[in-house]
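Let's walk through this model together, one region at a time. Keep the sequence and the 3D view side by side as you read.

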Amino acid sequence: MTWSETFRSGWSAVRSHALRSTLTVLGILIGIAAVILTVGLGLGTQKDVSEDISSLGSNLLIVTPGSSTDASGIRGGFGTSTTLTVDDADALADSPSTPDVSGVAPETSTSVSLENGDSNWTTTVTGTTASWTDVRSRTLAVGEFFTEEDVASAADVIVLGSETADELFGRLNVVGQQVTIDGTAYSVIGVLESAGSSSSTNLDDIAVAPISTVGQQLIGGTTANAVSTVYIQAESADQLSAAYQEVESLLLNLHGITDSEDADFTIESQDALVETATSVYETLTILLTGVAALSLLVGGIGVMNIMLVSVTERTREIGLRKALGAPPWAIRRQFLVEASILGLIGGVLGAVLGVVAALTLPDVIGSSIVVSGLAVGGSLVIAVAIGVTFGVYPATRAARLAPIDALRSE
């Protein structure tokens with residue numbers, strides 16, 4: 001029997017038992033689709049996290065305060081202390097000991113209600129310096145950003161995010177308008193270009209004002225000069241490590257700390273954040289893919305069961321073929337081809353289902369799903385391999401049947 005005859009015979013056997021073949025294919029189909037979606041979801045999540053971190057800016061170091069301890073001795077998490085100040089940020093920007101630092105943008109923020117006539121909108125007002133747009137890679141849709149003179153004079157000016165402007169005014173071109181915060185009128189001098197949303201923050205729902213204005217008028221008290229984060233931009237990616245060492249050394253000196261282990265601040269590299277997040281999601285992807293692969297095992301067992309039933313039903317046919325001179329390898333090959341066809345059909349349909357789901361689900365679940373060509377191709381290979389692997393025993397059993405016993409079978 002030639003290969004073409006074997007394939008025709010195998011396809012005919014699959015078609016003659018359509019319902020049974022469909023149920024077998026369904027098990028493989030679900031497993032393949034689950035693997036493609038799991039891998040795609042993992043890759044998509046890694047992509048989203050990388051984009052979120054990249055949206056902070058480029059070549060960044062992120063400095064946050066240390067932890068605080070209240071009167072009862074309970075310690076807060078990192079970033080809860082007020083150990084970083086505007087003076088620290090100014091020193092980092094102007095010191096000759098930080099030659100690899102190209103920009104510094106301190107931030108302090110508070111949630112307040114902005115009012116425009118009868119309209120009001122609660123958002124986060126971020127206080128920062130004039131270098132914020134360069135360091136954070138933000139641009140303006142209309143108007144301009146405030147200047148260092150505005151920061152020095154604590155001017156009552158504000159720049160709105162695109163969504164904030166739309167909520168308050170119903171349009172973006174609002175330069176020259178005023179918003180009121182706690183009874184103080186602020187002149188709108190610009191609107192930021194839309195930057196979308198990260199996994200935890202809407203980057204367009206924001207208002208930005210001079211850090212001195214926010215500290216004195218909206219925060220006040222002993223924390224008026226404190227900052228929650230200092231974003232530091234290195235001259236280039238190659239100089240990020242050098243900038244890290246320069247920033248750490250200067251802050252230790254400014255805070256009178258001799259041992260870096262006792263530092264009251266934390267410095268994180270943007271690249272390190274990406275690597276850490278990617279590592280975590282890669283591990284989760286592997287675990288979830290392993291769980292999805294169990295369904296492929298179930299599908300493989302289904303193939304074996306169906307092929308064993310097929311061998312039992314076709315015992316007389318096998319005996320007749322062997323009596324007419326068919327060698328054992330021809331019988332074995334026929335059943336392996338049938339199992340491979342079932343695996344291939346399940347793999348192709350599962351791949352199609354997985355790709356279609358990957359293209360439609362992101363709008364439903366709000367997370368990206370990346371279709372991996374390697375995952376799709378690998379799934380097809382695995383589907384055929386499952387058919388062959390789990391078809392070996394039934395095929396071998398059929399090949400070992402004695403012609404006389406097979407012909408006597410009812």
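**A tour from loop to helix**

Asp182 sits in the loop between strand 6 (178-181) and strand 7 (184-192); helices (H or I, at least four residues) and strands (E, at least two) are DSSP runs, numbered from the N terminus. Asp182 is not a glycine, yet it has a positive phi of about 50°. With a relative accessible area of 65%, Asp182 is exposed, where exposed means over 50% relative accessible area, buried under 20%, and partly exposed in between (1.4 Å probe, protein chains only).

A word on the ground rules: this is a predicted model, in which local features need pLDDT of at least 70, side-chain atom pairs count only at pLDDT 80 or more, and totals for chains, interfaces and linings use all residues. Residues are numbered from 1 along each chain as its sequence is written, and side-chain values use heavy atoms, with hydrogens and water left out.

Another positive phi in a residue that is not a glycine, of about 55°, belongs to Ser137. Ser137 is found in the loop between helix 4 and strand 4, and its relative accessibility of 43% makes it partly exposed.

How many salt bridges does a search of the whole structure find? The search finds 1, where a salt bridge is a side-chain nitrogen of Lys or Arg within 4 Å of a carboxyl oxygen of Asp or Glu. The partners are Arg136 and Glu107, with their closest N and O atoms 2.5 Å apart. This pair links distant parts of the chain, 29 residues apart: Arg136 is in the loop between helix 4 (132-135) and strand 4 (140-143), and Glu107 is in strand 2 (residues 101-116). Are the two partners buried or exposed? Arg136 counts as buried because its relative accessibility is 9%, and Glu107 is buried too, at 11%.

Asp87, Asp90, Asp94, Glu148 and Glu149 form a negative patch. Patches are made of residues with over 30% relative accessible area and no salt bridge, joining like charges within 9 Å and nonpolar side chains (Val, Leu, Ile, Met, Phe, Trp, Tyr) within 5 Å. Helix 3 (86-94) and helix 5 (148-152) are the elements that give two or more residues to the negative patch, and helix 3 gives the most, with 3 residues. Glu149 lies in helix 5 and counts as exposed because its relative accessibility is 56%.

A nonpolar surface patch is formed by Leu19, Leu23, Leu26 and Ile30, which together have about 420 Å² of accessible area, computed by the Shrake-Rupley method with a 1.4 Å probe; for residues, only the protein chains shown count as cover. Ile30 has its place in helix 2 (residues 18-54) and is partly exposed, with a relative accessible area of 47%.

An unreviewed UniProt entry lists residues 21-43, 286-311, 341-361 and 367-393 under "transmembrane region"; such annotations may be inferred rather than shown by experiment. In the model, residues 21-43 are 100% helix and 0% strand, with end C-alpha atoms 33 Å apart. Residues 341-361 are 95% helix and 0% strand, and their end C-alpha atoms lie 30 Å apart.

Our last stop is helix 7 (residues 211-219), which holds Gly215. Gly215 counts as buried because its relative accessibility is 0%. Its C-alpha atom is separated by 9.9 Å from that of Val86, 129 residues apart along the chain. Just after helix 7, Gly220 takes a positive phi of about 65°.

Technical notes
Lys, Arg positive; Asp, Glu negative; His and termini not counted. Charge placed at Lys NZ, Arg CZ, Asp CG, Glu CD.
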